[in-house]
Amino acid sequence: MSDPFEDRKARASAWFRELRDQIVAAFEGLEDSQAAGPFADRPAGRFEVTETKRKSPDGSDAGGGLMSVMRGGRVFEKVGVNVSTVYGALGERAQKAMAARGKPGMDSDPRFWASGISLVAHMQNPHTPAVHMNTRMFWTPGAWWFGGGSDLNPCIEYDEDTAHFHAVQKAHCDRHDAGFYPRFKEWADEYFFVPHRGRARGVGGIFLDDHNSGDWEADFAFIQDVGRAFLPAFVPVTEKRRDTPWTEGDKDTQLIHRGLYAEYNLVYDRGTKFGLETGHDANAVLMSLPPLAKWV
C-alpha cells in the first residue's frame with residue numbers, strides 16, 4: 001500500500017519552491033527599482049543559485065535543494081533564500097532532541113523527511129530592517145508537523161514599521177484562528193530572546209513549531225498563509241526606508257546589531273543546529289550570517 005503522505009510531501013515541497021520563486025522575483029524587482037542612494041549606480045543585484053546535495057553516511061542520496069544568495073546589491077547587502085527537501089535517518093542527538101519534544105517512535109524508527117524555505121536578508125541602508133522567514137514541514141513514521149514564522153530585526157526602530165509588519169501577520173493568522181496571532185507572537189517573543197544579552201533579537205513577529213491540529217489540509221493551508229504574509233509585511237517597509245539618508249553612526253549601529261544577530265543564530269537557533277547535525281550543506285545552513293558585523 002502506498003504511503004498516503006507521499007502526495008502531501010510532494011505538495012508541501014512544491015509550495016516551498018513556489019514561495020521561493022515569488023520572493024526571489026520580488027527582491028530582484030526591488031533591486032531593479034532602486035534609483036537613489038549611494039549604490040544606485042551599481043548593477044541591480046541578482047541571486048546566485050547553487051544546487052545543494054546531501055549524502056547519507058553510507059553515501060546514498062539524502063536530498064538537497066537550492067541555495068540562492070544575492071550579495072552587494074543596491075538594496076540588499078546580503079540575502080539568502082534557501083529551499084530544501086531532505087530525508088534519511090536522524091542521528092542519535094537529533095533522535096533524543098525529537099523524543100524530548102514528545103515525538104513518538106524515535107527510538108525504534110529514526111527515519112525522517114523535511115522540506116522548507118529559509119530566508120534571511122541583511123540590508124544596505126541601516127534604516128531598512130533585516131528580516132528572517134522560515135516555513136517547513138517535518139515527517140517521521142510516528143508524527144508530522146509544520147513550523148516556521150517571520151520576524152523583523154531593525155537596528156534603528158520605527159514604531160510604524162513594527163505595527164505594519166505585525167498587522168499583516170495578524171491578518172493572515174486571523175483567516176484561520178483568532179487565537180493564532182497572540183499565541184504565536186508570544187512564542188516569537190520568547191524564542192527570539194537572547195538570554196546572554198538580556199534582550200530581544202528584534203521586534204518580533206510570529207513563530208510556531210510542532211504544529212499539528214490533526215487536520216493536515218487545514219494546517220498546510222495555514223503554513224501557506226504564513227509564507228504569503230511575508231512579502232506584504234516586509235516589502236512596504238523596505239520601500240519606505242531604503243532611500244533614508246544615513247550616517248556613519250547609523251552604519252555602526254547596524255554592524256553592532258548584526259553581531260547580536262550572529263550570536264543568536266550560532267548559539268540558540270534550532271534550525272542552525274538541526275541543519276549542521278543532519279549533514280546539510282554548511283554554507284546553506286550558515287547563509288543567515290551577515291557579511292559584516294561588529295562587537296564592542
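Reply: Two strands count as paired if DSSP finds at least two bridges between them. Strands of a sheet pair through backbone hydrogen bonds, either parallel or antiparallel. The model shown here is predicted. In it, strand E4 (residues 111-123) and strand E5 (residues 130-140) run antiparallel and are joined by 9 bridges. Gly-116, for instance, has Arg-136 in E5 as its bridge partner.

Me: In what order do the strands of the open sheet lie?

Reply: The order is E1-E2-E3-E4-E5-E6-E9, which makes 7 strands with antiparallel pairing. Strand E1 (48-55) and strand E9 (204-211) are the edge strands, each pairing on one side only. On average, neighbouring strands of this sheet are turned by 10° against each other, direction ignored.

Me: Which residues of the largest nonpolar core touch the most other members?

Reply: In soluble globular proteins, nonpolar side chains tend to be buried together. Here the largest nonpolar core has 49 residues, and those touching the most other members are Ile-23, Phe-27, Phe-76, Met-137 and Phe-230. Helix H1 (residues 5-33) supplies the largest share of this core, with 9 residues. A second, separate core of 9 residues has Leu-90, Phe-112, Ala-114 and Phe-138 among its members. As for Phe-76, its contacts beyond four places in sequence include Phe-27, Leu-30, Met-70, Ala-121 and Phe-234.

Me: How many aromatic pairs are there, and why is the pair of Phe-5 and Trp-144 called tilted?

Reply: The count comes to 23 aromatic pairs. Planes under 30 degrees apart count as stacked, over 60 as edge-to-face and the rest as tilted. The planes of Phe-5 and Trp-144 stand at 45°, with ring centres 6.0 Å apart, so this pair is tilted. It links distant parts of the chain, since Phe-5 lies in helix H1 and Trp-144 in strand E6 (residues 143-153), 139 residues apart. Both Phe-5 and Trp-144 are buried. By contrast, Phe-138 and Trp-145 form a stacked pair, with 4.8 Å from centre to centre and 15° between the planes. Phe-138 has a relative accessible area of 7%, and Trp-145 one of 3%.

Me: Is Thr-272 buried or exposed?

Reply: A residue is called buried when its relative accessible area is under 20%. Thr-272 has a value of 7% and is therefore buried. This residue lies in helix H8 (residues 270-277). Its side chain reaches the backbone oxygen of Asn-265 at 3.4 Å. Beyond four places in sequence, Thr-272 touches Asn-265, Val-285 and Leu-286.

Conventions:
Residues numbered from 1 in each chain as written. Predicted model: local features only at pLDDT ≥ 70, side-chain atom pairs only at ≥ 80, totals over all residues. Heavy atoms only, no water. Helix = DSSP H or I, 4+ residues; strand = E, 2+ residues; numbered from the N terminus. Buried < 20%, exposed > 50% of the residue type's maximum accessible area, 1.4 Å probe, protein only. Polar contact = N/O pair within 3.5 Å; in protein donor to acceptor, adjacent residues only side chain to side chain. Contact = heavy atoms within 4.5 Å. Axes fitted to C-alpha atoms, helices over the stretch in contact; angles between N-to-C directions. Core = buried A, V, L, I, M, F, W, Y, C linked by side-chain atoms within 4.5 Å. Phe/Tyr/Trp six-rings, centres within 6.5 Å; stacked < 30°, edge-to-face > 60°.
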